[in-house]
Amino acid sequence: MAEPLIAVRGLSKSFGGLRATDRVDLDVEDGETHAIIGPNGAGKTTLIGQLAGDLRPDAGTTRFAGRDVTSLDAPARSRLGLARSFQITSIFPDFSALDNVALAVQAHSGHSFHFWRPARAERELREPALAVLGGVGLGARADVLAANLAHGEQRQLEIAMALATRPRLLLLDEPVAGMGLEETQRMVRLLSTLKRRVTIVLVEHDMDAVFTLADRISVMVYGRIIATGSPEEVRGNAEVRRAYLGEGTES
Amino acid sequence: MAISRRAIVLAAGAVLLALVPPVAGLLNQPFYVDLFRRMMIFAIAALSLDLILGYGGMVSFGHAAYLGIGAYAVGIFAFYGVDNGFLQWSVAIAASAAAALVIGVISIRTSGVYFIMITLAFTQMLYYLGISLETYGGDNGMPLKTRSQFAGLVDLRNPSAFYYVVLALLLLFLLLGRRLVDARFGMVIRSARSNEPRARAIGFAPFRYKLAAFVLAGGACGLAGALLANQTEYLTPDFMHWTRSGEIMFMVILGGMRTLFGPVLGAVVLLGLEDVLSALTEHWQIILGPFLVVVVLFAKRGLFGLVSRDG
């Protein structure tokens, strides 16, 4: 069997006395969409932060694309092909939508010690950015200030920024949180088109979205992954139902 | 193509500044050449601060340090009879940039109030260092023996010639600054100011870009210090006093952060008001203070935002 795209062993992180992640083992296969579900406070966002390189683990190792990335920070992991969206929308609000994506392109086009040519006139930054923006359905909104985009559009913009870095792995932290029904459907459709093209780790509370998108699901409770399996297996797992799905009631 | 109000304001500003020496000559008021030259020197300092404060989001409360280092570089050379301006000014820039490198390496790892305190602390250290340098006048300072010499190329003792040197440098820095903030380099520090976690997540490692901006700003302000020593023909630790850092910061905020041109306007207005009001009353700061408060409250983008709004 091929090596997983990202393989996590014994990853732990404590904040004071709280064990946010507790000896987490996780394998995400190349090409799959792997959802991580669990109650609030289970450590899902901490895990995403550790995978992205924003949080240093107290213990454990992370291998990505065949190399040990445990000691690499977020910018270095980004350059290896790891992209993320944040739980709380994180964009450059005072830049246009196109600027936001062009910055992501720029971050992956060598060093930025260029002092003379206006970056906004560089076709090698603007054209790929515009293409990605069109791909997520924001082509007509390119010149709008990111702060003035609707919430759902800002989440789409985050996906566009992530895609512009040509990632191998996309870490999505609650991409449909706070969205209305229509916006949620649009986002789920967008993510469906991304599946297969890119490996996705998806943290999400919206169970419809999770069961529509995920190939496999891991369930996280109290900082530990208590089960991993196909959507059917997880749905049928008694321990999971008890811990999270709440026995019959819809979440 | 319509010419923007911004471009008109800029062109008008440059022309007005260029006209100061002949007009002052006609009116037989040479003092104004001196005053406007001083304004432009502080404008260079303020626009260098705008690079890191406005575009880079680094609230440096110690920018006067580089003004002092630049001035002392000129003064100390002159003290030992070395009056070659090319050498003096190069060392002024290099020494200020080197100091900025040290201060930046330590301070840029922090942010917010810690950043402010560290930059302030370094500048206070340099201020007290200046006071302790008895050879160079201690806290009294010392007169500059001669203005910087440029091998007969230009004579800074001629007030107008010196004036146009400063004007040329100001315009050069405006051009360089404009290019820099719009180039890839500028986009990195601006994105990091806007949202640093996001900048890191898309793959930028902002530290070295912010540090480079900090060093460039320090070097530019060091040159302003070299000019200031020639302007006052005197050097004193007061150049590095923390109120001086505050003044430069006020010029940036008053004129309009993140505009480069705003800080120039801020320097002209602040020093102009100081001159006019101090002639009216010795309690001129009582008038200046409320004025600054009103501008900060009602003109979010500073004075330059008011006059250049493209309609």
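Let's start with Thr70(A) and its neighbours. Thr70(A) touches Pro57(A), Gly60(A), Thr61(A), Thr62(A) and Arg77(A), leaving aside residues up to four places away in sequence. Touching, or contact, means heavy atoms within 4.5 Å. Where does Thr70(A) lie? It lies in the loop between β5 (67-68) and α2 (74-80) of chain A. Helices (H or I, at least four residues) and strands (E, at least two) are DSSP runs, numbered from the N terminus. Thr70(A) is buried, at 18% relative accessible area. Buried means under 20% relative accessible area, exposed means over 50%, and partly exposed is in between (1.4 Å probe, protein chains only). The side chain of Thr70(A) also reaches the backbone nitrogen of Thr62(A), at 3.0 Å.

A quick word on the model. This is a predicted model, where local features need pLDDT of at least 70, side-chain atom pairs count only at pLDDT 80 or more, and totals for chains, interfaces and linings use all residues. Residues are numbered from 1 along each chain as its sequence is written, chains are lettered from A and ligands numbered from 1 in the order in which they are written, and side-chain values use heavy atoms, with hydrogens and water left out.

Now, the interface. How many residues does each chain bring to the contact? Chain B brings 28 residues and chain A brings 37 residues. The buried area between them is about 2,900 Å², and carbon and sulfur atoms give 59% of that. Buried area is the accessible area (1.4 Å probe) that two parts lose on being put together, summed over both. Look for Arg184(B), Arg198(B) and Ile202(B). They supply 29% of the area that chain B buries against chain A, more than any other three residues.

Next, the polar side of the interface. Between chain B and chain A, 20 residue pairs are in polar contact, both at pLDDT 80 or more. A polar contact is a pair of N or O atoms within 3.5 Å; within protein, one must be able to donate a hydrogen and the other to accept it, and residues adjacent in sequence count only if both atoms are side-chain atoms. Which helices of chain B each supply at least two residues to the side that touches chain A? They are α6 (159-182), α7 (184-194), α8 (196-201) and α9 (206-232). Helix α7(B) gives the most, with eight residues. By type, that side of chain B has 16 nonpolar, four polar and eight charged residues. Here Ala, Val, Leu, Ile, Met, Phe, Trp, Tyr, Cys and Pro count as nonpolar, Asp, Glu, Lys and Arg as charged, and the others, Gly among them, as polar.

Stay with α7(B). Of its 11 residues, 10 are buried. Among them are Arg184(B), Phe185(B) and Met187(B). The cover comes from both chains. It includes α3 (97-107) and α4 (123-135) of chain A, together with α2, α6, α8 and α9 of chain B.

On to salt bridges. A salt bridge is a side-chain nitrogen of Lys or Arg within 4 Å of a carboxyl oxygen of Asp or Glu. The count over all chains is 28. Four cross the interface of chain B and chain A. In one salt bridge, Arg193(B) pairs with Asp94(A), with the closest N and O atoms 2.4 Å apart.

Chain A has salt bridges of its own. Arg117(A) meets Glu122(A) at 4.0 Å, N to O. Arg117(A) also pairs with Glu124(A), at 3.6 Å. Is Glu122(A) buried or exposed? Glu122(A) is buried, at 3% relative accessibility. Arg117(A) is partly exposed, at 43%.

In chain B, Glu196(B) bridges to Lys210(B), with the closest N and O atoms 3.0 Å apart. Glu196(B) sits in helix α8 and Lys210(B) in helix α9, 14 residues apart. Glu196(B) is partly exposed, at 28%, whereas Lys210(B) is buried, at 10%. Back to Arg117(A): salt bridges that share partners join Arg117(A), Glu122(A), Glu124(A) and Arg184(B) into one network.

Last stop, α11(B). This helix (residues 261-280) has 20 residues and reaches 29 Å from its first C-alpha to its last, close to the 28 Å expected at 1.5 Å a residue. The expected span is 1.5 Å times one less than the number of residues. Its buried residues include Phe261(B) and Leu270(B). Phe261(B) is touched by Leu10(B), which is found in helix α1 (residues 5-26) of chain B.
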